[in-house]
Amino acid sequence: MARLHIETTINGEPAEFLCDPHETLLSALRNGLGLTGTKEGCSTGDCGACSVIVDGRLVPACLVLAPEAHPLQQKFLEHAALQCGVCTPGFIVAAAALLDAKPNPTEEETRFWLAGNLCRCTGYDKIIRAVLDTAAHIRESAV
Amino acid sequence: MSIPREFKYVGTRPIRHDGVDKVTGRASYGADAAWPGMLHGAVLRSPHAHARIVSIDTSAAERTPGVRAVVTGSDFPETTAALALGEAAIDLRDISESMIARTKVLYHGHAVAAVAATTFDIAKEAAEKIKVVYEPLEPVTDIDRAIAPDAPILHPTLKTKGAPEGATGPTNVASRLELKRGDVDAGFAEADVIVEREFRTAMVHQGYIEPHACIARCGEDGRAVVWCTTQGPFVVRDASAAIVGLDPAHVKVIPSEIGGGFGGKIVVYLEPLAIVLSRKAQRPVKMVMSRDEVFRATGPTSGSKIRVKLGARRDGRLVAARASLWYEAGAYRGSPVGAGAMCAIAAYKIPNFFIEAYDVVVNKPKVAAYRAPGSPMAAFAVESAVDDIARELKVDPIDLRLKNANREGDQAPYGPKYGPIGLEPLLETARRHPHWTAPLGPNQGRGFAVGFWFNAGMNSSATVTLNADGSAAVVTGNPDIGGTRVAQALMVAEELAIPVERVRPSVGDTDGSGFTDVTGGSRVCYATGMAVIRAAEDARDQLKARAAKMWNVAPDAVTWQDGRAIPPPGTEKAEPLTVAEIAAKMTHTGGPIVGRASLYAPMAGPAFGAHICDLEVDPETGQSRVVRYTAFQDVGKAVHPSFVEGQMQGGVAQGVGWALNEEYIYNSDGVMENAGFLDYRMPVASDLPMIEVANPLHPYGVRGVGEVPIVPPLAAVANAMRDATGVRFTELPLSPPRVLAAIESAAPVPVDA
Amino acid sequence: MATVHLPSGLTAFTGGVDTIDIDAARVPDLIAELRHRFPQLGDHLDGMAVAIDGEIYQDPGYQPLRADSDVHLVPRIAGG
């Protein structure tokens with residue numbers, strides 16, 4: 001199976017690594033990046049030895065998948081915000097930029113920000129819902 | 001079809017199996033592949049809309065370093081083959097000539113030569129060096145000019161098919177169709193109210209975001225492999241083989257993921273060119289269209305001129321209808337005007353009518369199918385007229401339609417009686433919906449319209465293969481445009497009672513899947529779905545037979561319930577077995593289990609849609625915005641509700657664009673002036689509200705969903721515009737300059753009490 | 001006897017007749033009999049779809065007809 005290329009920020013520094021789709025974050029940190037400070041004590045989320053903070057949330061790295069989808073990607077799938085999918089990568093990048101700039105956009109702000117991305121399949125309804133839902137999700141997770 | 005009444009998987013909303021690839025950009029569309037040793041192809045296109053080709057000299061191109069092959073029309077054999085696409089017999093000679101010119105160029109952008117070189121830039125520059133001598137002719141780019149007695153003639157040998165006896169002489173009218181019932185003059189004599197108008201719509205494009213793209217490899221032995229974005233890999237195979245002169249048994253087509261089609265990727269534009277270039281160069285050739293080429297040289301849909309005369313009695317009953325439809329076919333015959341004629345009054349019980357339909361060639365690209373081809377324009381005309389009748393009679397527009405709505409057993413305008421149809425429940429639901437009575441703001445208007453379209457059946461094949469771990473793979477030959485793979489997985493999950501995540505749906509190539517007709521015509525979930533279900537049933541029958549072997553009982557004594565094979569009562573040491581348990585022992589009970597099915601399905605029942613549109617018009621700029629939209633449709637059982645909603649919302653968006661802004665703008669030389677997304681203005685996210693979809697209906701069995709949603713919006717928007725401005729627009733699109741000019745020159749219309 | 005209905009545009013080739021009773025077990029036999037009775041129909045029947053008792057077949061193939069089938073010839077349509 002093809003390995004995935006992940007780009008992220010670790011301890012404030014840009015980092016990138018290859019991992020398998022079902023590899024845990026714990027394994028990717030230790031084996032992919034050589035960051036062995038994160039320890040494996042049980043691999044079932046019970047001992048806390050592998051704790052890390054992901055997007056402001058405290059999580060056990062042994063229970064988190066390394067290539068976990070950005071919340072936007074997951075929300076696009078849940079909302080069926082794509083049909084043929086060819087415009088989707090562009091929308092996700094544009095929406096990610098929106099949420100960085102405006103964590104709490106209104107529907108109208110979202111529509112105007114995304115007016116530079118054409119979609120011919122969806123009529124934009126489910127795309128907008130996915131983006132607004134992602135914004136809400138990110139706000140709730142940060143609490 | 002033995003779909004159980006209580007569904008466990010069908011009707012749920014699982015994440016599509018190809019979803020992660022699509023949201024990460026990993027999925028491979030037509031232009032995303034590269035083959036070793038690949039060359040790049042470029043096309044030289046005509047600068048004239050209508051001209052004779054006097055000579056072509058390719059020598060300068062051939063001498064250019066890096067160029068490996070040059071082809072012109074003379075590299076393609078004459079073919080009189082017709083390809084029964086099932087939906088419509090397509091004359092391959094027309095397709096071949098439209099793809100690359102022979103003695104005449106018939107539209108601006110018509111290909112005259114193609115070049116394959118080591119880089120795209122070399123190919124493009126070399127193509128520009130090809131010397132073509134043209135004898136320009138007067139172009140014809142509108143219907144009125146094309147049917148005038150002194151019109152320039154595109155095809156000297158064209159005769160009007162279906163013309164009344166005695167019609168001869170050079171013509172641009174390729175065919176005439178007539179539908180008739182009763183006595184239309186007597187009908188109008190009976191009418192208390194008559195509305196008569198002439199409507200016009202412009203040529204528009206399907207607007208798929210992914211341009212056409214392919215890679216072809218053809219050896220000296222005449223065996224070819226083609227990778228391409230298409231709605232129909234078998235069409236690409238058979239059409240390319242016939243156009244190039246190959247044996248289709250030696251052509252394999254691998255469909256990529258497809259970035260939109262809507263009917264525009266059912267025909268071939270690049271693949272035969274790439275095959276012949278590859279055969280000459282003895283290397284694979286990749287060809288990708290630019291957006292400019294997509295507009296100029298693929299298959300938009302017809303512009304139209306439609307005259308409608310409708311008569312009604314004071315009690316609201318429609319008594320007579322007369323319609324004349326002229327549709328642009330583009331450079332070669334074959335517009336969907338016949339379908340337009342069949343759909344125009346399909347919703348209404350009208351005892352007297354006369355409909356005539358004309359297919360007109362003009363110097364524009366040859367039209368291709370676009371979502372319910374022919375129906376949206378006809379609905380624009382008729383539904384606008386019905387709206388005017390409602391205003392004259394001062395009755396509610398939905399009530400007027402209810403009074404005249406066709407039902408099961410009524411005769412369709414094209415002849416046969418309707419089976420179960422959902423028009424009346426649709427109208428009732430719309431009338432009860434809060435949108436219909438919600439208050440409107442200043443400068444806002446509300447429009448209502450219905451639409452009608454068929455749902456195709458035709459050829460489909462499917463295989464369902466079991467794995468030893470109890471998972472299953474389902475393979476069909478239908479490219480997935482809108483979520484059909486996950487719908488197929490849901491059907492297999494339902495039939496075999498295994499989780500939908502354990503079903504892997506995929507699209508095979510033309511060697512690996514049984515013959516299947518195109519993805520289009522709203523047919524995949526219905527017809528291919530039927531094949532999938534039958535293939536799963538076949539697998540299930542084999543599972544039962546294997547269980548019988550394991551229990552040492554007769555196969556017909558085994559029953560199936562809740563996803564398990566059940567042994568006959570009293571069988572010793574026999575517990576019910578799941579799919580996984582039986583599959584684990586496949587090797588020992590007879591070998592692999594492969595379920596298969598293939599069928600030719602008749603058309604599913606036709607379907608209606610009903611839409612309510614609220615439009616806000618800025619009286620100072622003529623700009624308008626859809627502020628609220630609700631779509632109703634009888635779709636039958638929704639296998640995956642999210643994708644059914646998506647089809648409806650997407651069709652609405654295209655219809656709104658067609659109504660408000662989209663059009664091919666031609667200059668007097670027959671050149672399209674707005675061949676890019678900046679000036680060919682499709683709706684963006686800020687143009688539309690959330691599009692509410694209501695599926696209230698009794699499921700009238702299984703029928704398609706994809707095409708109907710584009711039919712009502714043209715009239716729904718136009719009727720909303722009438723409501724908002726007091727002006728009846730009979731020409732689309734309702735672009736701001738047109739709206740502003742009409743508002744400013746219209747006399748004020750008293751507001752209806 | 002199957003009853004065949006022709007679209008009005010074709011009645012020019014049948015002397016105005018638009019409804020015909022034909023004894024035929026399958027569609028190809030029906031079409032052959034129509035051509036036999038109205039030679040002027042010629043190849044105008046090519047490329048037409050056939051509706052049998054309300055179900056439309058774009059390609060009717062060898063579809064069987066019942067003794068009292070209601071048959072309509074309709075234009076073929078293309079989807080998109």
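Is the crossing of helix 12 and helix 13 of chain B left-handed or right-handed? The crossing of these two helices of chain B is left-handed, a term for a near helix turned anticlockwise from the far one by less than a right angle, with right-handed for clockwise.

The views show a predicted model, in which local features need pLDDT of at least 70 and side-chain atom pairs count only at pLDDT 80 or more, while totals for chains, interfaces and linings use all residues. Residues are numbered from 1 along each chain as its sequence is written, and chains are lettered from A and ligands numbered from 1 in the order in which they are written.

**View 1. Helix 12 and helix 13 of chain B cross at roughly 160 degrees.** Helices (H or I, at least four residues) and strands (E, at least two) are DSSP runs, numbered from the N terminus. Axes are lines fitted to C-alpha atoms, for helices over the stretch in contact, and angles run from 0 to 180 degrees between N-to-C directions. The two helices of chain B are therefore roughly antiparallel (under 35 degrees counts as roughly parallel, over 145 as roughly antiparallel, 65 to 115 as roughly perpendicular and the rest as oblique). Ile398(B), Arg401(B) and Leu402(B) of helix 12 meet Glu424(B), Leu427(B), Ala430(B) and Arg431(B) of helix 13; residues are in contact if their C-beta atoms, placed from the backbone, lie within 7 Å. This contact comprises 4 nonpolar, no polar and 3 charged residues. Ala, Val, Leu, Ile, Met, Phe, Trp, Tyr, Cys and Pro count as nonpolar, Asp, Glu, Lys and Arg as charged, and the others, Gly among them, as polar.

**View 2. Helix 3 and helix 7 of chain B pack at about 75 degrees.** The axes of helix 3 (residues 92-99) and helix 7 (residues 233-244) of chain B are 10 Å apart. The angle makes these helices of chain B roughly perpendicular. Leu92(B), Ile95(B) and Ser96(B) of helix 3 contact Ala239(B), Ala242(B) and Ile243(B) of helix 7.

**View 3. Three strands of chain B form an open antiparallel sheet in the order 22-23-24.** Strand 22 (559-561) and strand 24 (577-578) of chain B are the edge strands, each pairing on one side only. Strand 23 (residues 564-566) joins strand 24 of chain B through 2 antiparallel bridges; pairing requires that DSSP find at least two bridges between the strands. Ala565(B) stands opposite Leu577(B) of strand 24. Across strands 22, 23 and 24 of chain B lies helix 16 (residues 524-551), at about 50 degrees to strand 23.

**View 4. Chain B contacts chain A through 35 residues of chain B and 27 residues of chain A.** On the chain B side, helix 1 (19-23) and helix 19 (641-660) each supply at least two residues. Helix 19 of chain B gives the most, with 7 residues. The chain B side divides into 18 nonpolar, 13 polar and 4 charged residues.

**View 5. Chain C places 21 residues in contact with 39 residues of chain B.** Strand 4 (55-57) and strand 5 (70-75) of chain C each supply at least two residues to the side that touches chain B. That side of chain C has 9 nonpolar, 9 polar and 3 charged residues.

Technical notes. Contact = placed C-beta atoms within 7 Å.
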